[in-house]
Amino acid sequence: MSWGTELWDQFDNLEKHTQWGIDILEKYIKFVKERTEIELSYAKQLRNLSKKYQPKKNSKEEEEYKYTSCKAFISTLNEMNDYAGQHEVISENMASQIIVDLARYVQELKQERKSNFHDGRKAQQHIETCWKQLESSKRRFERDCKEADRAQQYFEKMDADINVTKADVEKARQQAQIRHQMAEDSKADYSSILQKFNHEQHEYYHTHIPNIFQKIQEMEERRIVRMGESMKTYAEVDRQVIPIIGKCLDGIVKAAESIDQKNDSQLVIEAYKSGFEPPGDIEFEDYTQPMKRTVSDNSLSNSRGEGKPDLKFGGKSKGKLWPFIKKNKGATPEDFSNLPPEQRRKKLQQKVDELNKEIQKEMDQRDAITKMKDVYLKNPQMGDPASLDHKLAEVSQNIEKLRLETQKFEAWLAEVEGRLPARNEQARRQSGLYDSQNPPTVNNCAQDRESPDGSYTEEQSQESEVKVLATDFDDEFDDEEPLPAIGTCKALYTFEGQNEGTISVVEGETLYVIEEDKGDGWTRIRRNEDEEGYVPTSYVEVCLDKNAKGAKTYI
């Protein structure tokens with residue numbers, strides 16, 4: 001099966017077909033190029049997606065990623081970043097192994113095709129020239145034969161006419177002979193050109209055109225094979241990254257399998273454990289006795305002595321609710337006294353660890369400077385040992401400062417660890433307060449007391465406190481306007497507010513909300529103009545007035 005023999009007369013169609021083949025190859029190159037652009041775009045989008053959901057450094061979000069589920073998510077994002085890299089590899093390999101290679105081949109193919117069809121047109125022009133020569137000699141032979149016939153007829157006519165002179169007859173005879181000779185010469189020339197044309201035509205259709213068309217056929221078959229090989233490469237480029245993509249997916253599965261729900265639950269405990277103990281039983285208070293209402297033995301005010309009156313704060317005592325719960329309005333105290341005991345202990349321990357690391361870093365720097373100084377002493381040409389004295393003194397001062405700072409935080413840490421319920425069995429928390437059952441020693445000096453959020457304050461000794469009357473607090477805040485109500489609440493459970501700053505509520509009772517829960521678990525409410533205080537937020541159902549000042553939403 002050869003184009004040279006089967007398609008000997010289809011020169012124009014073969015020219016169109018080979019041009020179509022090149023167009024198809026260029027179309028395939030364009031397809032692969034667009035695929036590489038898609039792979040790059042997809043990889044870029046995957047990388048941006050992974051980067052978008054990465055936790056920001058030194059942010060609260062980064063701290064939240066200590067949970068195993070979040071760590072698995074981070075691993076997934078990292079694997080997706082590697083996954084995106086493989087799509088970039090696909091794009092690069094397709095560009096280098098297919099697009100560049102085929103583009104160069106197409107240029108070579110166009111040049112080869114142009115050369116082959118140029119040879120074909122040249123052969124066509126040669127055979128057409130031979131045909132024209134043949135036609136010309138044929139017409140000349142035909143014309144000479146006709147002229148010879150006419151000259152012969154004229155001679156015979158002259159020879160038969162008796163009136164014509166002998167000279168005229170001889171002239172006609174000679175002219176007839178000349179014409180006959182010319183016809184013979186034309187005949188010989190026509191015969192020679194005809195033989196030559198037949199030879200050229202045979203060569204054209206049986207040698208030249210078959211050879212040229214064979215080259216064109218081989219060129220076209222090579223194009224087809226090359227396109228097939230490129231398609232195989234196209235698939236192989238994808239196949240090469242499948243193992244690595246599989247590893248990325250295996251990494252995601254492994255990260256998912258590493259999730260430990262029990263560990264995450266323990267981390268929640270460590271993150272939010274306050275260190276308080278649940279409230280104890282409320283003792284029965286007998287109102288049948290002819291005496292004032294007694295204060296529960298387990299209340300906070302009991303630590304001040306049996307004879308001390310229970311100071312109640314009315315609507316004008318908003319600023320004196322601190323002994324019950326401390327509001328963190330401003331910068332965080334250095335000793336983290338605004339935190340619950342357990343959280344405070346963790347923060348202090350973290351601070352101590354950070355200071356120890358800084359001390360170790362400074363000590364390493366001091367050792368390095370000392371070694372350098374020794375080198376300078378042994379080899380003065382390398383440097384002046386005295387030039388390091390100032391730096392060495394500075395580092396030593398830094399170490400001393402850090403050690404003093406560490407001792408300060410360690411003292412606070414020891415203080416907190418001595419107060420935690422797990423370390424002091426006598427420590428108790430009653431009605432949402434962290435309180436010690438051991439009464440403090442009265443020595444006419446300030447005594448530390450712990451608020452329910454783990455903070456500490458100084459309260460006056462028993463001797464000085466008994467002299468303080470509730471009217472003193474009222475007088476101090478006479479000029480303060482009562483807080484406006486920002487909503488209402490309904491008591492879900494009965495709460496006995498036996499400690500300073502709290503207020504008792506009965507299940508089903510409706511009261512006014514004057515201050516939202518600030519995150520400490522307590523809501524400030526008011527019963528009437530003179531009765532207000534704090535109740536646990538979980539004991540009431542709050543409905544804030546959206547039109548009230550400071551109100552944000554409905555709960």
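**Figure 1. Asp-101 and its salt-bridge partner in a predicted model.** Asp-101 is partly exposed, its relative accessible area being 21%. The structure shown is a predicted model. Asp-101 forms a salt bridge with Arg-226, with 3.1 Å between the closest N and O atoms. This pair links distant parts of the chain, as Asp-101 belongs to helix H4 (residues 68–160) and Arg-226 to helix H5 (residues 166–257), 125 residues apart. Arg-226 has a relative accessibility of 23% and therefore also counts as partly exposed.

**Figure 2. The salt bridge between Glu-112 and Arg-222.** The side chains of Glu-112 and Arg-222 meet at 2.4 Å, N to O. Glu-112 is partly exposed at 26% relative accessibility. Arg-222, at 37%, is likewise classed as partly exposed.

**Figure 3. The salt bridge between Glu-509 and Arg-527.** The two side chains meet with an N to O distance of 2.6 Å. Glu-509 is placed in the loop between strand S5 (487–491) and strand S6 (510–515), whereas Arg-527 is part of strand S7 (residues 522–528), so the pair ties together parts 18 residues apart in sequence. Glu-509 counts as buried because its relative accessibility of 19% falls under the 20% limit. Arg-527, with a relative accessible area of 26%, is partly exposed.

**Figure 4. A network of salt bridges formed by Glu-515, Arg-524, Arg-526 and Glu-532.** Salt bridges link these four residues, Glu-515, Arg-524, Arg-526 and Glu-532, into a network. Side chains of opposite charge can pair when their charged atoms come close. In the whole structure, a search finds 22 salt bridges.

**Figure 5. A nonpolar surface patch made by Leu-49, Tyr-53 and Phe-73.** The patch covers about 270 Å². Tyr-53, one of its residues, is located in the loop between helix H2 (11–52) and helix H3 (60–64). With a relative accessibility of 39%, Tyr-53 counts as partly exposed.

**Figure 6. The cysteines Cys-130 and Cys-145.** Cys-130 is buried, with a relative accessible area of 5%. Cys-145, in contrast, has a relative accessibility of 25% and counts as partly exposed. A search of the whole structure finds zero disulfides.

Conventions
Residues numbered from 1 in each chain as written. Predicted model: local features only at pLDDT ≥ 70, side-chain atom pairs only at ≥ 80, totals over all residues. Heavy atoms only, no water. Disulfide = S-S within 2.5 Å. Buried < 20%, exposed > 50% of the residue type's maximum accessible area, 1.4 Å probe, protein only. Patch = residues over 30% accessible without salt bridge, like charges linked within 9 Å, V, L, I, M, F, W, Y side chains within 5 Å. Areas by Shrake-Rupley, 256 points an atom, 1.4 Å probe, with all protein chains shown as cover. Helix = DSSP H or I, 4+ residues; strand = E, 2+ residues; numbered from the N terminus.
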